[in-house]
Amino acid sequence: MLQPLDPDCLFASLHGHGVGYVLIGGMAAVLHGSPTVTNDADIVPDPHPDNLARLSAALVDLAARIRTVDDPEGIRFDPHPALMASMAMLNLTTRCGNLDLAFSPAGIEDYAELSGRAVSFDLDGTPVMVASLDDVIGSKEAADRPRDRAALPVLYALREEIERER
Amino acid sequence: MLGQPMAPWIHRWRQAAGLTQAELAARLGTTQSAVSRWENGHDEPRLATLAEILGACGLRGELVVDVDVDRAQIRQQLAMSPRQRLASSVNVSRMLAKAGVKS
């Protein structure tokens with residue numbers, strides 16, 4: 001079931017089901033201009049119950065399974081909105097590649113504020129809400145894992161280059 | 001070392017110290033399952049916790065970030081459209097995956 005990442009497929013399904021979310025993490029950094037490699041999509045879903053119901057339908061459409069180190073095929077699960085409302089994080093494998101759901105990501109306390117600062121990118125007609133570069137950086141600073149710390153120098157340089165171009 | 005998977009390192013540090021997972025967990029004030037998750041790569045500790053793990057294993061070390069930032073490459077990316085940036089990143093990721101390199 002391990003599928004190569006197909007962001008168009010992923011975003012089309014989320015958009016098609018009307019899911020409200022903000023893209024964070026490495027893929028958000030890439031869309032802002034980070035010259036890094038990404039192999040999954042990290043999103044913060046709007047936690048409103050109606051949105052979680054739409055997300056649940058999208059996850060069924062995406063044939064989402066829980067991703068684990070030991071089982072590359074993933075583990076079947078019922079993406080019930082109530083389950084997602086109780087989770088902090090879900091690492092999934094889908095027919096469009098790996099998708100991580102971060103319901104309470106490090107450094108981000110409020111979805112409305114994150115969403116308010118997000119930037120909309122048009123990917124061939126599919127709108128994708130992408131966290132601001134400051135929020136991407138803030139989230140990595142707060143997470144403070146080795147891979148986050150390693151990513152930060154590039155993101156700081158990217159922010160400087162964007163400001164320099166303005 | 002940063003940017004590399006930490007799981008094998010934590011396992012090596014604990015084994016070098018002659019500690020069981022439960023003993024290391026007790027020294028850190030955490031659970032054996034947390035140590036197991038770190039060693040299996042299911043979870044990744046924060047840098048501050050990594051420093052505590054080193055200390056609990058009787059080791060001393062310096063956790064450093066050693067990243068070369070190529071600003072020319074960043075400018076190249078900024079000259080592309082977001083769609084091109086994403087396609088480029090995903091293509092490289094696929095090539096690395098085909099070559100058996102974890103990105």
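Okay, let's start with A:Asp144, which counts as buried at 15% relative accessibility. Keep in mind that this is a predicted model. That aspartate sits in the loop between α6 (133-143) and α7 (146-165) of chain A. Most residues other than glycine have a negative phi, hence my interest.

There's another one like that: A:Asp124 also isn't a glycine and has a positive phi of about 55°. You'll find A:Asp124 in the loop between β6 (119-123) and β7 (126-130) of chain A. Buried or exposed, this one? A:Asp124 is exposed, with a relative accessible area of 62%.

Okay, on to strand β1 of chain A, residues 21-24. A:Tyr21 and A:Leu23 point one way, A:Val22 and A:Ile24 point the other way, and all are buried. In a regular strand you'd expect side chains to alternate between the two faces of the sheet. β1(A) pairs with strand β2 of chain A, residues 40-45, in the antiparallel sense over 4 bridges, and A:Val22 stands opposite A:Val44 in β2(A).

Now follow A:Ile24. Skipping neighbours within four places in sequence, A:Ile24 is in contact with A:Asp42, A:Val44, A:Ala102, A:Pro105, A:Ile108, A:Leu114 and A:Ala131.

And the cores? The largest nonpolar core has 54 residues, and A:Leu23 and A:Ile24 are among those with the most contacts inside it, as are A:Phe11 and A:Leu55. α7(A) gives the most to this core, with 6 residues. Apart from that core lies another, of 15 residues, including B:Ile10, B:Ile53, B:Leu54 and B:Cys57.

Definitions and conventions
Residues numbered from 1 in each chain as written. Chains lettered and ligands numbered in written order. Predicted model: local features only at pLDDT ≥ 70, side-chain atom pairs only at ≥ 80, totals over all residues. Heavy atoms only, no water. Helix = DSSP H or I, 4+ residues; strand = E, 2+ residues; numbered from the N terminus. Buried < 20%, exposed > 50% of the residue type's maximum accessible area, 1.4 Å probe, protein only. Pairing = 2+ DSSP bridges. Core = buried A, V, L, I, M, F, W, Y, C linked by side-chain atoms within 4.5 Å. Contact = heavy atoms within 4.5 Å.
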